[in-house]
Amino acid sequence: MNKALDALLHEQLKVYRSDATYLLQILRNIQFSCSYIPQQAIQHLSTALKVSIPKIRALIEFYHFLHYHPRGHYDIYVSDSIIDHMSGKNEITSYLCEKLNVELNQPRADGRVTVANTSCTGMSDHGPAVLINGLALTRLTRKKVGKIVAKIEENIDVHKWPKAWFEVADNIQSKGVLLNSEIKPGSAIKKALATAPHDSLTAIDKSGLRGCGGAGYKTAAKWKSCQLSENNQRYVVCNADEGEPGTFKDRVLLNSYADQLIEGMTICAYIIGAQKGFIYLRYEYQHLHKKLQGILQKRRAANLLGDHILNSKLSFDIEIFMGAGSYVCGEESALLESLEGRRAIPRIRPPFPVTRGYLGKPTVVNNVETFCYAALIIEKGAENFSQQGLVGFNGCKILSISGDVEKPGIYEIPLGMPVINVLNLCGAQSVQAVQVGGPSGTLITPAEFNRVISFDDLNTSGAFMVFNQSRDILENALNFTHFFMQESCGFCTPCRVGTKLICDLADKVVTGQGARLDLESIKQLNHVMDEMSHCGLGQRAAQPLLETLEKFPEYFVKRMTDVEYQPSFDVDKSIQRAIEIVTIESSSKGD
């Protein structure tokens, strides 16, 4: 082992107190420093942390941004969401690879650079976008690519590139009760501490606040269940791993409303009796890490975090835990597995995290938006939030709107707003379809635009993707299907194998080789995966194709052959090609 690696490992083990629950953090830092995880590091960590080598290797193989083999000194990941495709991602990627003289997914011969695709990076309002050594670069054009290539060829460290290149605007288009609020740091906590924890919980309950990450479970009910748990060691976890393609609202809240988030987490800690909290920040939001650490430190200095907050009996602190690339971490139990330094494989429930969560202790897991609204409710009152909804609905929802719209960005809307009103807000015209909730959500047609954004109709974690009449809806479904295959954790056979089979069938249909039996096979696979998959990913993986088939059958019809079965492999053509190759080689030898 070289001295530099030895020093790095010694430092990491010291910083993380040789605690195996921080193994993922240590591996991330080694990856950033070395551009891969050396075998010597794996062996050393195995001994120091008392974790078997196979388990460490399984961890590296599970997370997208950890690697056994060296990446380039400049490690570039191109966002591959359908919205990035619509923004010209494929053309920009080809141009980038051409200028760098590098093949996709292959380090350049001199080790200088690597370019690869990755799932949505949370920049759908700023596409095409890339990550370079973990930092975001958005709105790429040929001109900007040329400047990036010049810096790389000059071997200039990314931290010395112009700061303006890495700026990511919030892009807030419509503000509501939260985005318009200016809560003074500590004001919501002070109000909570002035009364009993029960009173704050009552306010949350009265407001009607529900989890904003997609499940929509009543926030007060979750917090109360944790509060009543028998074990007194409890935790608060913020799920800031918004990996659903087309979603980017948490990025904005983390960037400009982090104090509200931390207030909400602290109030939750006061209610449930927790002393420790975590913000699980997705890898793609590495650019926010330093800023968030600074805010946490300022709050500690102001006695808003740490021991005896505002001279009360409440002691609570928060730590940032960085992800390493896994969509399934959006599921709360999978996130907790990752937080404990393991593969993010969803747990079997019950027990639920509120009774057996982080390290087996009672844990509240909510997303960024939920905690922000909780702080607002304590500061401004329950009715201030509940009265925001349209008739028959309580509260607001923040949407990440992208695609074929004049004004992509963040929109805070009252719950109960019809889709047609949302489309008018963002300047969408000649709309063919909307994908509400990302790939795992719902595809709707113009005939359904009177449906409303709510927990009981069109529920969404935030994504709202708009497609006009020029778009091929089947291409969208194909992109989503490949996304699910790439993001399957591989734990259960129905999902691991099923997503691959569905992708193969989807590719066959899109390339014009599909037949009636292929559509029946997709439906059969969906039935098996829905019944047998371990988690929601496998249960939803075939839905983009099936919804497109149901609502836009014409995209299938124009590509399909009118036969029951059509093989994707043409034996006769392959044999003829082999004969041609042999003939050419024989002729060249004769010459």
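This is a short walk through a few local features of the structure above.

Hi everyone, thanks for coming. A word on the ground rules: this is a predicted model, where local features need pLDDT of at least 70, side-chain atom pairs count only at pLDDT 80 or more, and totals for chains, interfaces and linings use all residues. Residues are numbered from 1 along each chain as its sequence is written, and side-chain values use heavy atoms, with hydrogens and water left out.

Let's begin with two helices. Helices here are DSSP runs of H or I with at least four residues, strands are runs of E with at least two, and both are numbered from the N terminus. Helix H1 (residues 3-15) and helix H2 (residues 23-34) have axes that come within 10 Å and cross at roughly 150°. The axes are lines fitted to C-alpha atoms, for helices over the stretch in contact, and angles run from 0 to 180 degrees between N-to-C directions. So H1 is roughly antiparallel to H2. For that wording, under 35 degrees is roughly parallel, over 145 roughly antiparallel, 65 to 115 roughly perpendicular, and the rest oblique. The crossing of H1 and H2 is right-handed, a term for the near helix being turned clockwise from the far one by less than a right angle. On the H1 side the contact (heavy atoms within 4.5 Å) is made by Leu5, Leu8, Leu9, Gln12 and Leu13, and on the H2 side by Gln25, Ile26, Asn29, Ile30, Ser33 and Cys34.

Now another helix pair. The axes of helix H12 (residues 258-272) and helix H13 (residues 289-301) come within 10 Å and cross at roughly 55°. That makes H12 oblique to H13, and this crossing is right-handed. Here Ala258, Asp259, Ile262 and Glu263 of H12 meet Leu292, Ile295, Leu296 and Arg299 of H13.

On to a sheet. In what order do the strands of the open sheet of 4 strands come? The order is S2-S1-S3-S4, with mixed pairing; two strands pair if DSSP finds at least two bridges between them. At the edges sit strand S2 (113-118) and strand S4 (135-137), each pairing on one side only. From one strand to the next, the twist averages 25°. Strand S1 (residues 74-79) pairs with strand S3 (residues 130-132) in the antiparallel sense over 3 bridges, and Tyr77 stands opposite Leu131 in S3. Helix H7 (residues 142-153) packs on this sheet and touches S1, S2, S3 and S4, with its direction at about 160° to that of S1.

Next, strand S14 (residues 463-468). Is this strand buried or exposed? 6 of its 6 residues are buried, so S14 is largely enclosed by the rest of the structure. Buried means under 20% relative accessible area, exposed over 50%, and partly exposed in between, with a 1.4 Å probe and protein chains only. Ala463, Met465 and Phe467 point one way, while Phe464, Val466 and Asn468 point the other. Strand S10 (residues 396-403) runs parallel to S14, joined by 4 bridges, with Ser400 partnering Ala463. Strand S12 (residues 431-436) runs antiparallel to S14, joined by 5 bridges, and Val436 has Phe464 as its bridge partner.

Asn239 is buried, at a relative accessible area of 10%. A polar atom of the Asn239 side chain lies 3.0 Å from the backbone oxygen of Gly330. Leaving out residues up to four places away in sequence, Asn239 touches residues including Asp250, Tyr280, Cys329 and Leu335.

That's my tour, and I'm happy to take questions!

Technical notes:
A polar contact is a pair of N or O atoms within 3.5 Å; within protein, one must be able to donate a hydrogen and the other to accept it, and residues adjacent in sequence count only if both atoms are side-chain atoms.
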